[in-house]
Amino acid sequence: MTYSLSDFVITDEVLQKYKDVVNLIIASETISDKDQKQYWIDSLEDMDDDQMNSLLSILNEEQD
């Protein structure tokens, strides 16, 4: 299933700060379930740099 930004609850602050990551999460085929996508979006603000880098690495690899 294909999702868009409007399918998720995303604060303006998260969207402004992490828009590229949010878009990668939404486009991800590995994170296929809507609830899982929402979980990762909700977790972005709580991630430390290592966690964010790991997530970005995985999502960018998937896009390639």
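Trainee: Does W40 count as buried, partly exposed or exposed, and at what relative accessibility?

Mentor: The model before us is a predicted one, and each class rests on a computed relative accessibility. Partly exposed covers the range between under 20% for buried and over 50% for exposed. W40 has 30% relative accessibility, so W40 counts as partly exposed.

Trainee: Which aromatic pair does W40 form, and how is its geometry read?

Mentor: A pair of aromatic rings is described by the distance of the centres and the angle of the planes. In the whole structure, 2 aromatic pairs are found. One of them joins Y39 and W40, with 5.3 Å from centre to centre and 80° between the planes, which is an edge-to-face arrangement.

Trainee: Where is D12, and is D12 buried or exposed?

Mentor: D12 has its place in helix α1. Its relative accessibility is 64%, and therefore D12 counts as exposed. D12 and I26 are 14 residues apart in sequence, while their C-alpha atoms are 16 Å apart in space.

Trainee: How far apart are D42 and I10 in sequence and in space?

Mentor: These two residues are 32 residues apart in sequence and 7.7 Å apart in space, from C-alpha to C-alpha. D42 belongs to helix α2 and, at 45% relative accessibility, counts as partly exposed.

Trainee: Which residues of α2 are buried, and what do they pack against?

Mentor: The buried residues of α2 are K37, Q38, I41 and S43. The buried residues of this helix pack against α1.

Trainee: How long is helix α3, and what span is expected of it?

Mentor: Helix α3 runs over residues 49-63 and has 15 residues. From its first C-alpha to its last it reaches 21 Å, close to the 21 Å expected at 1.5 Å a residue. At the start of α3, a side-chain oxygen of D48 comes to within 3.1 Å of the backbone nitrogen of D50.

Trainee: Which residues of α3 are buried, and where do they lie around the axis?

Mentor: M52, L55 and L59 are buried in α3. They cover an arc of only 70° around the axis, which means that they lie on the same side of α3. The face turned away from that buried side carries the exposed residues D49, D50, I58 and E61. The buried residues of α3 pack against α1 (12-27) and α2 (34-43).

Trainee: How many residues has the largest nonpolar core, and which elements give two or more residues to this core?

Mentor: In soluble globular proteins, nonpolar side chains tend to be buried together. Here the largest nonpolar core has 17 residues, and those with the most contacts inside it are V21, V22, I25, I41 and L44. The elements giving two or more residues to this core are α1 and α3. The largest share, 7 residues, comes from α1.

Trainee: Which residues does V21 touch?

Mentor: Not counting residues up to four places away in sequence, V21 touches L44, M52, L55, L56 and L59. Of these, M52, L55 and L59 were named above as buried residues of α3.

Definitions and conventions: Residues numbered from 1 in each chain as written. Heavy atoms only, no water. Helix = DSSP H or I, 4+ residues; strand = E, 2+ residues; numbered from the N terminus. Expected span 1.5 Å × (residues − 1). Buried < 20%, exposed > 50% of the residue type's maximum accessible area, 1.4 Å probe, protein only. Arc of directions from axis to C-beta. Contact = heavy atoms within 4.5 Å. Polar contact = N/O pair within 3.5 Å; in protein donor to acceptor, adjacent residues only side chain to side chain. Core = buried A, V, L, I, M, F, W, Y, C linked by side-chain atoms within 4.5 Å. Phe/Tyr/Trp six-rings, centres within 6.5 Å; stacked < 30°, edge-to-face > 60°.
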